[in-house]
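User: I'm new to this one. Can you walk me through it?
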Amino acid sequence: MNTIDRLLANYSRQVHLPWPARLSGKQRIWFAVYPPVEERRVRARLPQFEAHTLQAGHGWSTVDLTGLLPEYLAQHKYREAIFADPKHLKASRELESRASALVKAACASPDTHADSVVAVTGLASLFDFMRVSSLIESIEDSVRGRLLILFPGEYQGNVYRFMDARDGFNYMAVPITSTESFLPA
């Protein structure tokens with residue numbers, strides 16, 4: 001079984017478990033952790049994540065953050081200067097706020113309820129421009145059902161490392177990895 005198949009199998013087991021109603025926002029967040037080199041394969045298999053969710057009797061919606069950076073740059077008042085000398089482009093609170101607003105809107109949608117999964121894709125496109133930990137902290141109280149973060153990076157000892165490059169952050173989310181027997185059968 002390859003990495004993505006194991007991740008899907010572990011996700012399927014997780015989504016089929018009972019969902020306690022009284023959890024904090026932090027406990028309603030799931031991180032599907034996979035190697036960054038698998039980003040395209042995971043995104044291509046997103047319909048299978050959806051199928052497992054629907055089979056478990058839950059709703060499904062997605063938020064794709066891939067286009068957020070190009071849209072932000074296109075509207076930036078100093079875009080010409082940034083394009084002329086890209087080293088001046090730094091991490092941005094505004095970009096983080098826009099990402100947060102998109103995820104919060106999906107969580108507040110009338111189609112999203114306490115039995116729904118909202119999947120967040122496209123984090124890799126924001127690497128080096130915003131911190132995933134800050135995004136998660138800003139949206140955790142908006143999660144009604146479960147928030148599935150498709151996370152290109154690694155998880156080890158309760159520490160998540162985005163794109164295997166940043167200092168890790170310790171977060172209370174539920175990790176779903178591609179480890180063979182990560183979840184009990």
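Analyst: A search of the whole structure finds six aromatic pairs, meaning rings of Phe, Tyr and Trp (its six-membered ring) with centres within 6.5 Å. This is a predicted model, where local features need pLDDT of at least 70, side-chain atom pairs count only at pLDDT 80 or more, and totals for chains, interfaces and linings use all residues. Residues are numbered from 1 along each chain as its sequence is written, and side-chain values use heavy atoms, leaving out hydrogens and water.

User: How are the rings of Tyr11 and Trp30 arranged?
Analyst: Their centres are 6.0 Å apart and their planes are at 75°, so the pair is edge-to-face (planes under 30 degrees apart count as stacked, over 60 as edge-to-face, the rest as tilted).

User: Which parts of the chain does the pair link?
Analyst: Distant ones: Tyr11 is in helix α1 (residues 3-16) and Trp30 in strand β1 (residues 29-34), 19 residues apart. Helices (H or I, at least four residues) and strands (E, at least two) are DSSP runs, numbered from the N terminus.

User: Buried or exposed, Tyr11 and Trp30?
Analyst: Tyr11 and Trp30 are both buried (under 20% relative accessible area; exposed is over 50%, partly exposed in between, with a 1.4 Å probe and protein chains only).

User: Which residues form the aromatic cluster?
Analyst: Tyr11, Trp19, Trp30 and Phe49 form one cluster.

User: New topic. Which residues of helix α7 are buried?
Analyst: In α7 (residues 132-139), the buried ones are Val132, Ser133, Leu135, Ile136 and Ile139. They cover an arc of only 160° around the axis, which puts them on the same side of α7; the arc is that of the directions from the helix axis to the C-beta atoms.
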